[in-house]
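Grab a pencil and let's work through a few exercises together. Have a look at the model first, then try each task before you read its solution.

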Amino acid sequence: METGSGRKILIIEDESDVADLLTLNLRKAGFKASTAADGASGLQKARDDRPDFIVLDLMLPKMSGLEVCRILKSDAATSHVPILMLTAKAEEIDRIVGLEFGADDYVTKPFSPREIALRIRAILRRGEKPEESLKAGPISIDPARHEVRVNGKQVHLTSLEFKLLRTLMQRRGRVQDRDKLLNEVWGYESVIDTRTVDTHVRRLREKLGKAGDAIETVRGFGYRLREN
Ligand code: CA
């Protein structure tokens with residue numbers, strides 16, 4: 001799981017510029033982001049919208065972030081949702097208490113939106129089941145071990161080539177456009193050209209040998225791993 005994959009992030013933050021910055025960047029990272037400007041509406045949205053993740057500011061009007069955190073973690077409807085707390089640096093003590101209240105992690109302000117997206121991904125990944133091995137014709141991959149085999153013989157791929165192959169195998173039969181592959185494999189923050197995708201696909205095909213023919217070029221769109 002390298003990008004947001006449409007998972008829903010609820011941002012509870014009263015400062016609209018911070019909320020907007022986060023919303024924009026999390027959307028770019030492939031998440032669906034929504035916001036709440038105070039604790040009460042945040043709790044309501046957490047129950048109604050069933051987010052996959054909550055970014056919660058500590059300093060909120062009326063109800064504090066800690067109180068919101070405590071309620072979320074004690075409510076069966078929301079207790080499983082990971083929470084990343086945002087704190088200002090001066091709030092050292094509260095920050096620690098925040099983790100005691102069940103928050104999964106914290107980031108101090110000012111933060112980089114990129115860091116937030118990385119943290120969210122890392123926390124979401126922790127909660128995932130180990131990935132099952134994938135097979136397509138002679139190609140098999142073991143995501144947990146980062147191993148690729150063609151007809152049982154191990155093929156050494158770079159980390160990017162591996163991710164590229166895994167993405168194509170997970171979506172076998174479906175065309176993946178270059179932008180989508182860039183987003184999935186390289187991450188949204190990369191500023192590289194879509195032609196980089198072509199270069200890596202070419203190398204991947206070479207390494208897979210004859211089995212690499214299964215990766216088809218769909219002119220004008222991107223790539224697809226043949227169904228069988
Ligand atoms: Ca605030």
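**Exercise 1: strands side by side**

Work out how β6 and strand β7 (residues 139-142) pair, and over how many bridges. Just so you know, this is a predicted model, where local features need pLDDT of at least 70, side-chain atom pairs count only at pLDDT 80 or more, and totals for chains, interfaces and linings use all residues. Residues are numbered from 1 along each chain as its sequence is written, and side-chain values use heavy atoms, with hydrogens and water left out.

*Solution.* Start with the rules: strands are DSSP runs of E with at least two residues, numbered from the N terminus, and two of them pair if DSSP finds at least two bridges between them. β6 and β7 have three bridges, in the antiparallel sense. Within this pair, L134 sits opposite I141 in β7.

**Exercise 2: the calcium ion**

List the residues that coordinate the calcium ion.

*Solution.* Look for donors (N, O and S atoms within 2.8 Å of the metal, or 3.2 Å for Na, K and Ca; water is not among the atoms, so sites may look incomplete). You'll find E13 (OE), D14 (OD), E15 (OE), D57 (OD) and M59 (O), at 2.0 to 2.9 Å. Along the chain, their spacing reads E-D-E-x41-D-x1-M.

How values were computed:
Helix = DSSP H or I, 4+ residues; strand = E, 2+ residues; numbered from the N terminus.
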